[in-house]
Amino acid sequence: ALEAAALVAYSMLSRTVLPKDNRPPLGVLLRIDLTSLGVNHAFPGGVAVAAALRYRLLTAFGVRGSDAVFGAVAQSAGSALVLNGMIWVTLLVAVPVYGTRPLFGLVVVVGAAVFTLVAAVVLALTRGHGRTARLVRRIASVLPRVTPDQAERQVGRITENLRAFTSDRRLLGRAAGWSSANWMLDAASLWVFLAAFGYRIEPVGLLVAFGVANVLAALPVTPGGLGIVEGTLVPMLVVVGAPHEAALLAVLSWRLVNFWLPLPVAGLTYLSLRARLAEEPLPVLGYGGHPQPAGARR
């Protein structure tokens with residue numbers, strides 16, 4: 001139930017970062033997110049494959065291409081920022097209690113890199129839009145099927161969305177709230193599995209172990225952090241006091257729900273989306289937000 005609630009919170013984050021006039025219903029977004037999550041867990045380099053599929057599904061349901069790109073970037077970047085912010089705050093409490101660990105330093109470095117990258121992208125689009133547009137035009141001039149004018153229009157729309165998003169504090173607060181809920185519900189699910197095997201972990205220890213494992217899982221080495229999460233989370237839980245047996249059994253059980261269960265569910269949600277598109281044909285938006293011919297969907 002907690003994992004299901006975490007997925008709903010993630011889809012609410014998807015809904016929040018998409019413009020109000022250009023987003024599908026929550027049920028469709030939830031199925032799109034579940035489908036892309038399953039793809040991410042199934043393939044090496046699954047993040048790129050999942051992003052491409054998610055873009056195609058969103059545009060198939062009427063979302064403008066630039067809005068789909070902005071939503072994906074805002075969702076991923078916002079989720080990463082919230083996770084790193086949570087773990088930095090938790091480490092301030094954890095280090096005096098559990099001492100310094102090499103992984104703590106690595107997580108701080110990764111978090112600083114994430115914050116720096118996001119800040120650089122935001123500044124490039126909002127303060128240096130002219131230079132960014134010229135760079136995009138040069139790149140688009142050597143790409144197939146994309147003209148410099150189309151690419152510049154897409155970047156302009158993304159910049160408009162970014163400015164509107166960052167200037168609305170209530171919207172930023174809702175996005176941060178749903179992202180935090182997603183991570184906290186996922187961590188609460190892990191706490192339940194630990195409790196089921198006889199160990200009730202303190203919240204600080206849980207969040208430190210959970211945060212470190214998920215920050216390292218973002219490195220594009222294995223699909224969905226497979227092996228990295230397990231190999232990091234079990235020893236981290238032991239460091240913060242969990243018995244080794246309870247930590248191992250809890251993490252393996254939790255990953256059955258967290259990692260493996262979305263795979264067959266993703267297959268079902270993808271089929272349901274295809275069935276809905278077959279029943280209710282919707283325009284597919286091409287580059288620049290213009291409808292493509294019906295055959296383009298295939």
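Here, a buried residue is one with under 20% relative accessible area, against over 50% for exposed and in between for partly exposed (1.4 Å probe, protein chains only). The model is predicted, so local features need pLDDT of at least 70 and side-chain atom pairs pLDDT 80 or more, while totals for chains, interfaces and linings use all residues. Residues are numbered from 1 along each chain as its sequence is written, and side-chain values use heavy atoms, without hydrogens and water.

**View 1. The whole chain, for orientation.** The protein chain has twelve helices and zero strands; both are DSSP runs numbered from the N terminus (helices H or I, at least four residues; strands E, at least two). Of its 298 residues, 43% count as buried.

**View 2. Helix 11 and its cover.** Let's zoom in on helix 11, where the buried residues are Ala246, Ala247, Ala250, Val251, Ser253, Trp254, Arg255, Asn258 and Phe259.

**View 3. A kink at Trp254.** Helix 11 has a kink of about 25°, centred on Trp254. The bend is the angle between axes fitted to the seven residues ending at a residue and the seven starting there.

**View 4. Ser253 up close.** Ser253 sits in helix 11 (residues 244-260) and is buried, with a relative accessible area of 19%. Its side chain reaches the backbone oxygen of Leu249 at 2.8 Å. Leaving out residues up to four places away in sequence, Ser253 touches Phe193 and Phe197.

Notes: A polar contact is a pair of N or O atoms within 3.5 Å; within protein, one must be able to donate a hydrogen and the other to accept it, and residues adjacent in sequence count only if both atoms are side-chain atoms. Contact means heavy atoms within 4.5 Å.
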